[in-house]
Amino acid sequence: MTTSSMPQGATPGPGLCTEAEVYTLVHAFYANVRQDEVLGPIFNAHVNDWNLHLAKLVDFWSSILRRSGRFSSAPMPRHAALPGLSAALFQRWLRLFRENAAAQSNQAMSGLACATAERIAQSLWMGYQISRDPDAVPTELAGG
């Protein structure tokens, strides 16, 4: 993300947010995902250890928002391997993410997290489509 495409006043780094705020963002969001009637069953079927998964997600978002450098994995292969994903599922994930982020007290963090989530969802959706049909032209998420 270039500085010009960041939300007003949001600069990634330790000054943007605390580790506690990242933890709250991730844990609150995935608590909502797990309870969601559509996304919950999908996530619960594929996440064997929620404590481990949440710890990785906190590291992921800390690396993005605080530039902590704690995450060093590749999410694309794991997502590409999941069966039956659709644009509607990615859009639902994004909608829940936006709602959760808007409820956070640190709105600079929220804005940057939402902008990043948009790019991540688009990238994962494009990669997912390419992994399923390399010869087809992938579509973008509508309204994403």
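Predicted model: local features only at pLDDT ≥ 70, side-chain atom pairs only at ≥ 80, totals over all residues.
Helix α2 spans residues 39–46. Its buried residues are L39, G40 and F43. Viewed down the axis of α2, these buried residues fall within an arc of 95°, so they line one face of the helix. Other helices contribute to the cover over the buried residues of α2. Among what covers them are α1 (19–35), α3 (50–65) and α5 (87–102).

Helix α5 also packs against helix α6, which comprises residues 107–132. The axes of the two helices lie 9 Å apart. The angle between α5 and α6 is about 175°. Angles over 145 degrees count as roughly antiparallel, so α5 is roughly antiparallel to α6. On the α5 side, the contact involves A87, F90, W93, L94, F97, R98, A101 and A102. On the α6 side, it involves Q107, S110, A113, C114, A117, E118, A121, L124 and W125. Sorted by class, the contact of α5 with α6 has 13 nonpolar residues, two polar residues and two charged residues.

The relative accessibility of S62 is 0%. Buried means under 20% relative accessible area, so S62 counts as buried. Which residues does S62 contact, leaving aside its neighbours within four places in sequence? They are E19, V22, R67, S68 and R70.

Terms used. Residues numbered from 1 in each chain as written. Heavy atoms only, no water. Buried < 20%, exposed > 50% of the residue type's maximum accessible area, 1.4 Å probe, protein only. Helix = DSSP H or I, 4+ residues; strand = E, 2+ residues; numbered from the N terminus. Arc of directions from axis to C-beta. Contact = heavy atoms within 4.5 Å. Axes fitted to C-alpha atoms, helices over the stretch in contact; angles between N-to-C directions. Parallel < 35°, antiparallel > 145°, perpendicular 65-115°, else oblique. Nonpolar A, V, L, I, M, F, W, Y, C, P; charged D, E, K, R; others polar.
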